[in-house]
Amino acid sequence: MGQETEVAEKEVVHSVSDLPVQDPPGEEFSAADLTWVKYASSEHHREDVALIPYDRMEAFIGGESNNPECPTRFHIERGRKRERGSLREYRSDEYLLYRMYWCSFGPENYGEGGTILPSRKYRLNTRNRAARPQSMRGCTCHFTIKRLYARPSLLLIIYHERLHVNKSGFICHGPLDRDAIGPRARKMPYIGSEIQQQTMSLIYLGVPEENILQTHIEGIQRYCSADAQVDNLASQYVQKLGMIIKRSTHELDLDDQASIRMWVDRNKKSVFFYQDSTEADAFILGIQTEWQLQQMMRFGHQSLLASHSSFGVSKLKYPLHTLLVFDSRQHALPIAWVITRSVTNNDTLKWMRALTDRIHSIDSTWRIGGFIIDDPASELGPIREVFACPVLFSMWHIRRTWLKNVIKKCSNVEVQREIFIQLGKIIYSIWSEKNPMDALGQLFHDFVDQTTFIKYFKSFWVPKLEMWIDSIRNLPLASQESCGAIEGYHLKLKVKAYDDVQLDALQRVDWLVHKLTTELHSSYWINLFADESGSFPEVKADYIASTSWQRALQIPDDAVTFDDKEPLLARVVSQKDTSQTWTVWNPGSEFSLCDCSWSMHGNLCKHVLKVNMMCGARIDFQPLLSFQSFQHVLLDLWQKPLDDSFSLDLSVAWVMQMQEKIKHVAELATSGGIAQVAGKLPIQWTKKRGRRVATKGTSPLLLPHSNGSLQKDLTPKKRKRLSRFPG
């Protein structure tokens, strides 16, 4: 080790006088044509330097600008001069002329996640800057030249950073930049973020390139006229974007932790919270793109937010937590992803506050109406503290898990049906006078011969069943429509995450981040865009039918038949093949079971939902759990303040207000349109907003007097001159 240090010290030059003068041939030359030497002094610490004739300075700058890998121009970042004879004592590297040249794609960064150089709050009026400020990408390539004071005919070049990379170490411009749009940028047609996202989404969906190009050209023709050159440039853009997507990889570094740090640094606008893994802190990565932020503001305000938690607990390196909103069709849209294994109160509070602070910085009035959780282990304290809203519980996870394991571990179809119905009785007994543990004991007694399932249930569910029962009893339950929407997102996420994936990739966080922010994000973007714009009818049709609830609405009522002789089943005629009939067992319950293939994979099928919709209007079926839970909340609200008359009055007022709102919601759901409901509402008069300046002809304001009469406000109004307004 000591010998290597001595050798390195011998290679360092401490005086400019010891440097050889280099004069490469040709009109221009670059750094590749020079031999660079390590130079150290009181001012410089082992910098790469070279000594050339002063009159070859422009030749060197021109050669560096014409670098084929990163063509650019260099601007003067700062400069100083001295007169000859101004120094009595001087070192060998003192200057007559000092200039620092910086690549014109820096030092500021106006790209994704870019910021202005912290050391400078203004833009220098220098020559040879980049053609457009928006083209600056934070390039760190820069060098210094010194015309030597002791030898004015020579020029000392000090190269501080020779690579055209940003502070993260990535190539940030030129042909090797995978995010660059290529040459002739000034002549490229306008491509907004919507057109770019649309093209990317179609590429990820596997749409043929001809169709993508046609759609892309139609998009840019909204901003420019049809032209052969524009079509040619658009074709090049689509081809290059496709190549970038095909060549893109999740591995920015061989080390997964380093790769994530690099991704976070490159995508600051899409990261709302990041905490690296240390001995004291758990790893937390919160991702939310600008589009997701817009949907959160749009669909989340005064509506429901849902949590899809603990995805990939046994397969992924860190589980995935997703926050969902419900769009105009009540489809679940992912508006934030949180990758972490920590579910502690403090860590949950950190990222929830960061998420709400981000949206409140845009709209301080944004609030949600309720928060749906699907895991009884979720901390309720942070939700109530940050969102200040009621918390609901969704049973989609427990229903799906129980049904999948019943089908997997029991081979007999009739036994599967009976076990699943008995599992439903455990949950339904929560709202009756029966003890849920009695129903559990009955399950073990009746199916003692199903050793595989009973062993699984005792080892996996019995230890935490009481926790699930307490959550179901103490929290209002979400409806089957929201459960079906959350399950629809779960199935889509599962296909995107686990489809055609290598096993080693599951243990890398950067792979999961890449999947979420590319394929899954693009899929939901194009779905919502197609639904609202009508641009892609096939995509829109698939999106509408992506949840079981929407598919159930397409089944006519006359396709469902009930048999009074067999009250424990209902039959649904298939819409694709009218000769096919599906049987739904235990109708009118969240634990109904259908014999269709979709239900036999553990999913909530459209036949079960359609039958339960029709059972709601029949008196011979018990209400669903969500309704029983709601009824329990109302009765609890009514019974609590019996000993306090004022609280009782307030509770009655709340209940009546809730009843009116529920009535209007029910009418809207069953009517043909909002106009029919709005026509029945009472007229509400509202006052106009106050104007800053009173117009001519308006009457004075009438104010109530202390004796009850109305009195004119005769206070003189003063007008402000324009010069008195700030700014």
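Student: Which residue in E2 is the bridge partner of Val 12?

Tutor: This is a predicted model, in which local features need pLDDT of at least 70 and side-chain atom pairs count only at pLDDT 80 or more, while totals for chains, interfaces and linings use all residues. Residues are numbered from 1 along each chain as its sequence is written, and side-chain values use heavy atoms, with hydrogens and water left out. Strands (E, at least two residues) and helices (H or I, at least four residues) are DSSP runs numbered from the N terminus, and two strands pair if DSSP finds at least two bridges between them. E1 and strand E2 (residues 37-39) pair in the parallel sense over two bridges, and in E2 the partner of Val 12 is Lys 38.

Student: How many of the nine residues of helix H2 are buried?

Tutor: Buried means under 20% relative accessible area, exposed means over 50%, and partly exposed lies in between, with a 1.4 Å probe and protein chains only. Among the buried residues of H2 are Met 57, Phe 60, Ile 61 and Glu 64, and what covers the buried residues includes strand E3 (47-53), strand E4 (74-81) and strand E6 (142-148). Helix H2 (residues 57-65) is mostly covered, and its number of buried residues is eight.

Student: Which residue in E12 is the bridge partner of Ile 287?

Tutor: In strand E9 (residues 284-287), Ile 284 and Gly 286 point one way while Leu 285 and Ile 287 point the other way, and all are buried. Strand E8 (residues 271-275) and E9 pair in the antiparallel sense over four bridges, with Tyr 274 standing opposite Leu 285. E9 is also joined by four bridges to strand E12 (residues 332-340), and these two run antiparallel. In E12, the partner of Ile 287 is Trp 337.

Student: What separates the C-alpha atoms of Ile 359 and Leu 293?

Tutor: Ile 359 belongs to helix H8 (residues 345-360), and it counts as buried because its relative accessible area is 0%. Leaving aside neighbours within four places in sequence, Ile 359 is in contact (heavy atoms within 4.5 Å) with Leu 293, Met 296, Met 297 and Trp 366. Although Ile 359 and Leu 293 are 66 residues apart along the chain, the separation of their C-alpha atoms is 7.3 Å.

Student: Is Glu 487 buried or exposed?

Tutor: Glu 487 is found in helix H15. Not counting residues up to four places away in sequence, Glu 487 touches Trp 396, Arg 400, Gly 602, Asn 603 and Leu 604. Because its relative accessibility is 5%, Glu 487 counts as buried.

Student: What is the volume of the largest cavity?

Tutor: On a 1 Å grid over the protein atoms alone, a cavity is a set of points where a 1.4 Å probe fits but cannot get out, and lining residues have an atom within 4 Å of a point. Grid points are joined across faces, edges and corners, and a volume is the space filled by probe spheres set on the points. The largest cavity is lined by 14 residues, of which Met 395, Trp 396, Arg 399, Cys 483 and Glu 590 lie nearest its centre. The volume of this cavity is about 140 Å³.

Student: In E18, which residue is the bridge partner of Val 584?

Tutor: Four strands form an open sheet with antiparallel pairing, in the order E15-E16-E17-E18, and its edge strands are strand E15 (560-563) and strand E18 (593-594), each of which pairs on one side only. Strand E17 (residues 581-585) and E18 pair in the antiparallel sense over two bridges. In E18, the partner of Val 584 is Cys 594.

Definitions and conventions:
On a 1 Å grid over the protein atoms alone, a cavity is a set of points where a 1.4 Å probe fits but cannot get out, and a pocket is an open set with protein on both sides within 12 Å along at least five of seven lines; lining residues have an atom within 4 Å of a point.
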